[in-house]
Amino acid sequence: MKLLVCGGAGFIGSNFVRQRVTDHGDQVVVLDALTYAGRPENLEGLGVTLVHGEIQNAEKVAEAIGDGVDAIVNFAAETHVDRSISGPDAFVETNVRGSLVLLEAAREREVKRYVQISTDEVYGSIEEGSFTEESPIVPSSPYSASKAGGDLLVQSYLHTYGLETVIARGSNNYGPYQYPEKLIPLMVLNALHDDKLPVYGDGLNVRNWLYVEDFGRGISHILAHGVAGEVYNVGGPDESTNIEVVKGILKHTGKDESLIEYVTDRPGHDRRYSLGSEKVRALGWSAQVRFEEGLEKTVAWYRDNAAWWEPIRSGEFREYYERHYGRALG
Ligand SMILES: NC(=O)c1ccc[n+]([C@@H]2O[C@H](COP(=O)([O-])OP(=O)(O)OC[C@H]3O[C@@H](n4cnc5c(N)ncnc54)[C@H](O)[C@@H]3O)[C@@H](O)[C@H]2O)c1
């Protein structure tokens, strides 16, 4: 299959591209703006074509489609909730307008399949039970609102133009190649450096953790078997509070719980996310990696891949961290 993967140099996108090349033998073109979160190193050795450009740029999208692709899978997005609170514009630009430009290109070029990668955050927070694909869309941050906007455009292209679109909504992903602003890699690297581990609020926010390779396999199932116009939730097998996650990381890195530091909560911080995944299970998918095992593998990957994160911890991320947490990284 010839695939255009937008945002394929980021965390989930690059893990997905690796699976498609190794397990499916696909020919892959990646279109990526290479923002702070996108890195060509993530695609090293995979033999993919990388087109450097934004999904909002119709000319770049045309260049990436070239003489045609069988499907477009769109991961490209601004993804960090904290950054969306301090600067929402870029989120609307990429997550909404970028999706529109891609959809237009897919329609014009009669691309057979368009898969939009979305998030459980579009449903907002849930105290008990789990969200289904029929749950109302109630986003609470500029990040999740912009993702919801992108999703609505995607659905309109099926109804208005007959473009074969499907949406995959994942729960919180973790695993190798995740930029260290996100909870798990942030805490792993801080623990390895004996830096304080900044936990928002009371640390009791619950997330439904999904190992990145399981999400990739779910997306492949949806790409192959998903019904056009449908949304598929892809949730992880386990839920865990942030403080349990942090304590697990301290255990796997052999560090002391005195490194934990509670900090002022993020505004509008959703309390709990939980996704029901019956629909994607009916397509033959199930999560293979339990949280305990995936967390241990993830800690080991960061421990063994300093060459990947050292340039990040000494660059833009360092300034962002100081601005955001009011203290320097060690
Ligand atoms: N991380 C999660 O837990 C999670 C969970 C569910 C869904 N998602 C969704 O999965 C997708 C990928 O998330 P991620 O965690 O890998 O994010 P990421 O921030 O690691 O990667 C995003 C990628 O998109 C690229 N990008 C950003 N703006 C772009 C633009 N305008 N044009 C082209 N490329 C651009 C970046 O360079 C980067 O390579 C996103 O759509 C996100 O909403 C993420």
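Let me start with helix α11, residues 306-313, where the buried residues are Trp 308, Trp 309, Ile 312 and Arg 313. These four span an arc of only 110° around the axis, so they sit on the same side of α11. The arc is taken from the directions from the helix axis to the C-beta atoms. Buried means under 20% relative accessible area, exposed means over 50%, and partly exposed is in between, with a 1.4 Å probe and protein chains only. Helices (H or I, at least four residues) and strands (E, at least two) are DSSP runs, numbered from the N terminus.

Before I go on, the ground rules. This is a predicted model: local features need pLDDT of at least 70, side-chain atom pairs count only at pLDDT 80 or more, and totals for chains, interfaces and linings use all residues. Residues are numbered from 1 along each chain as its sequence is written, and side-chain values use heavy atoms, with hydrogens and water left out.

Back to α11. What covers its buried residues? The cover includes α6 (183-192), α10 (291-304) and α12 (316-325). Contact here means heavy atoms within 4.5 Å.

Now the aromatics. Rings of Phe, Tyr and Trp (its six-membered ring) pair if their centres lie within 6.5 Å; planes under 30 degrees apart count as stacked, over 60 as edge-to-face, and the rest as tilted. By that rule, there are 19 aromatic pairs. One of them is Tyr 123 with Phe 131, a stacked pair at 5.0 Å centre to centre and 25° between the planes. Tyr 123 and Phe 131 are both buried. Tyr 174 and Trp 209 have ring centres 6.0 Å apart and planes at 85°, so this pair is edge-to-face. Tyr 174 is in strand β7 (residues 173-174) and Trp 209 is in strand β9 (residues 206-211), so the pair ties together parts 35 residues apart in sequence. Buried or exposed? Tyr 174 has 0% relative accessibility, so it counts as buried. Trp 209, at 3% relative accessibility, counts as buried.

There is also an aromatic cluster. Tyr 36, Tyr 179, Tyr 200, Phe 317, Tyr 320, Tyr 321 and Tyr 325 form it. Tyr 320 has a charge over its face: Arg 83, at 4.2 Å from the ring centre. Lys 279 lies over the face of Tyr 232, at 5.1 Å from the ring centre. The rule: NZ of Lys or CZ of Arg within 6 Å of the ring centre and within 35 degrees of the ring normal.

Next, the ligand. Which residues come nearest? Of the 29 residues around the ligand, they are Ile 12, Asp 32, Thr 79, Tyr 143 and Lys 147. Near means that a heavy atom of the residue lies within 4 Å. A polar backbone atom of Gly 10 is 2.9 Å from a ligand oxygen atom. For a backbone N or O atom of Phe 75, the distance to a ligand oxygen atom is 3.1 Å. For a polar backbone atom of Leu 34, it is 3.5 Å.

Last, two strand residues. Gln 116 is in strand β5 (residues 113-119). At 2% relative accessibility, Gln 116 is buried. Its side chain makes a polar contact of 2.7 Å with that of Tyr 114. A polar contact is a pair of N or O atoms within 3.5 Å; within protein, one must be able to donate a hydrogen and the other to accept it, and residues adjacent in sequence count only if both atoms are side-chain atoms. Leaving out residues up to four places away in sequence, Gln 116 touches Asn 74 and Ser 99, among others. Asn 74 is in strand β4 (residues 71-74). Asn 74 is buried, at 1% relative accessibility.
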